[in-house]
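Subject: Structure handover

Hello,

Here is the structure we talked about. Please open it alongside this note, and my findings follow below.

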Amino acid sequence: MPSHGAPQHAAIANDGSSSFLADKSAKVFLAGHKGMLGSAVHRRLTALGFTNVVGRTRAELDLTCEAAVRKFFDAERPRYVILAAGKVGGLHASSAAPVDFMTENLRITTNVLAAARLCGTVRKLLFLATSAVYPVDAPQPIPESALLAGPPAPGNEWYAIPKIVGIKMCQAYRAELGMDAIVAAPNNLYGPREPFPSESSHVIPALIRRFHRAKAAGAPEVAVWGSGLQLREFTHADDAADAIVLLMDRYSGAEHVNVGSGREVTVRELAEMVREVVGYEGRVVWDTSWPDGVMRRLLDSSKMRAMGWEPKVELRDGLKKLYEYLRGSVVTSFKA
C-alpha cells in the first residue's frame with residue numbers, strides 16, 4: 001500500500017490522452033449494472049460499441065467489503081468507473097432501515113473510491129448522487145449551489161447524507177490526489193428493473209403495483225398515500241444513462257451536475273396517468289394520514305443541457321412502456 005503524502009498522486013491515471021467515447025475498447029467497471037440505472041447505462045454503452053464493460057452481481061462482489069473491492073480492482077484494473085451501485089428505496093424504506101441505508105452506501109462509496117485510486121489505472125470515475133441531497137427549503141428550480149445550504153428533508157437524511165459524503169469525497173480526491181472524479185445528481189428516476197420494487201419504494205413502482213393488483217382483484221378503490229398535491233419531476237433511466245455517458249465524455253469538474261427532465265406533475269396527475277396506463281377503472285382515495293414529504297423538488301439542469309443533453313422520453317410514454325415491459329417480461333417480483 002502506498003504511503004500517505006505526495007507520492008500517492010502518481011497512482012492516478014489521468015493523462016487525458018483520449019475522450020471516453022473515443023476509448024471504446026477500454027475496460028469500464030459499471031458498479032450496479034443490474035440495477036435500474038446501471039442496466040440502462042449498460043444498454044447504452046453496448047449500443048455505442050463499448051466492448052469491455054465489466055459488471056459484478058452482489059453475490060460475485062460485495063462492494064461493502066473493502067478487501068474484496070481492493071482485490072477486484074487489482075485484478076481487473078479498469079480505466080473507467082461508473083458507480084451506480086447502492087442501497088435504494090423510498091422515504092418509508094429508508095426510514096424503516098436507517099442503519100442499513102447509511103452504512104451500506106457509505107461503505108460502497110469509500111471502498112470503490114479508495115480502490116480506484118490505489119489500483120493506478122483509473123482515468124475517470126463517475127459517482128451517482130441524488131436530488132435528495134438538497135435542503136427541504138431549497139430554491140426552485142434547485143441549482144447545484146444549493147448543496148449544504150441546509151439539512152435534507154426529514155426522513156430522507158438516511159439516504160441523502162451518504163450521497164452528500166460521496167459528493168464531497170469526490171471533490172476531496174480531486175483536490176488532494178488529482179483524481180478525475182465527477183458526480184451526477186439525478187431526480188426521481190424510473191424505468192425497468194428486476195427485482196421490481198415493492199409498494200414501500202418510490203412512487204411510480206408503488207402506484208403501478210397498487211393499480212395492477214387492484215385491477216386483477218376487481219377492487220373498487222385504491223388508496224394512495226398523502227394528499228397528491230406534491231409536485232415531482234421524473235426522469236427516465238434511459239435519458240439519465242445518456243446524461244452519464246455525456247458527462248463521462250465531456251465533463252471534468254469538482255461541482256456535481258443535476259440531471260432532471262424539467263417536467264413537473266403533481267402526484268395526483270401521476271396517479272391518474274398510471275391508472276389509465278394500467279386500465280384500472282375504480283376510484284382513487286387519498287390517505288392524508290400519510291406525510292407528503294417535500295412538496296416540490298425541481299432541479300435546475302441547465303448545466304447538463306448546456307452540454308447538449310435533452311431528455312427524450314415523455315412521462316406518459318415511459319409509463320406505458322414500463323407497464324408493457326412488466327406485463328410481458330419474466331419479472332416474477334412484479335406478478336400479482
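**Helix α8 against helix α10**

L270, M273, V274, E276, V277 and V278 of α8 touch L315, R316, L319, K320 and Y323 of α10. By class, that contact has eight nonpolar, no polar and three charged residues. Keep in mind that this is a predicted model.

Helix α8 covers residues 267–278, and helix α10 covers residues 315–328. Their axes come within 10 Å and cross at roughly 40 degrees. The two helices are therefore oblique to each other. The crossing of α8 and α10 is right-handed.

**Helix α4 and its two partners**

Start with α5. Helix α4 (residues 98–119) packs on helix α5 (residues 157–177) at an angle of about 15 degrees. Their axes are 8 Å apart. Angles under 35 degrees count as roughly parallel, so α4 is roughly parallel to α5. The crossing of α4 and α5 is right-handed.

Which residues make the contact between α4 and α5? From α4 they are P98, F101, M102, N105, L106, T109, T110, L113, A114 and R117. From α5 they are E157, W158, Y159, I161, P162, V165, G166, M169, C170, Y173 and L177. These residues divide into 15 nonpolar, four polar and two charged.

Now α2. Helix α2 spans residues 66–76. The axes of α2 and α4 come within 9 Å and cross at roughly 35 degrees. That crossing is also right-handed. On the α2 side, E66, V69, R70, F73 and D74 make the contact. On the α4 side, the residues are N111, V112, A115, A116, L118 and C119. The contact of α2 with α4 divides into seven nonpolar, one polar and three charged residues.

**The second largest pocket**

How much space lies in the second largest pocket? The value is about 170 Å³. Its lining is made of L21, R44, L48, D242, V245, L246, D249, R250, G308, W309, E310 and K312. Two elements give two or more residues to this lining: α1 (36–48) and α7 (237–250). Helix α7 gives the most, with five residues. By class, the lining has six charged, five nonpolar and one polar residue.

**Two backbone points to look at**

Most residues other than glycine have a negative phi, and most peptide bonds are trans.

- P141 is found in the loop between β4 (124–128) and α5.
- R77 sits in the loop between α2 and β3 (80–83).

**Where to look**

For the helix contacts, begin with α4, which meets α5 and α2. Then turn to α8 and α10. For the pocket, go to α7.

Best wishes

Methods: Residues are numbered from 1 along each chain as its sequence is written. This is a predicted model: local features need pLDDT of at least 70, side-chain atom pairs count only at pLDDT 80 or more; totals for chains, interfaces and linings use all residues. Side-chain values use heavy atoms; hydrogens and water are left out. On a 1 Å grid over the protein atoms alone, a cavity is a set of points where a 1.4 Å probe fits but cannot get out, and a pocket is an open set with protein on both sides within 12 Å along at least five of seven lines; lining residues have an atom within 4 Å of a point. Grid points are joined across faces, edges and corners, and a volume is the space filled by probe spheres set on the points. Helices (H or I, at least four residues) and strands (E, at least two) are DSSP runs, numbered from the N terminus. Ala, Val, Leu, Ile, Met, Phe, Trp, Tyr, Cys and Pro count as nonpolar, Asp, Glu, Lys and Arg as charged, and the others, Gly among them, as polar. Axes are lines fitted to C-alpha atoms, for helices over the stretch in contact, and angles run from 0 to 180 degrees between N-to-C directions. Angles under 35 degrees count as roughly parallel, over 145 as roughly antiparallel, 65 to 115 as roughly perpendicular and the rest as oblique. A crossing is left-handed if the near helix is turned anticlockwise from the far one by less than a right angle, and right-handed if clockwise. Contact means heavy atoms within 4.5 Å.
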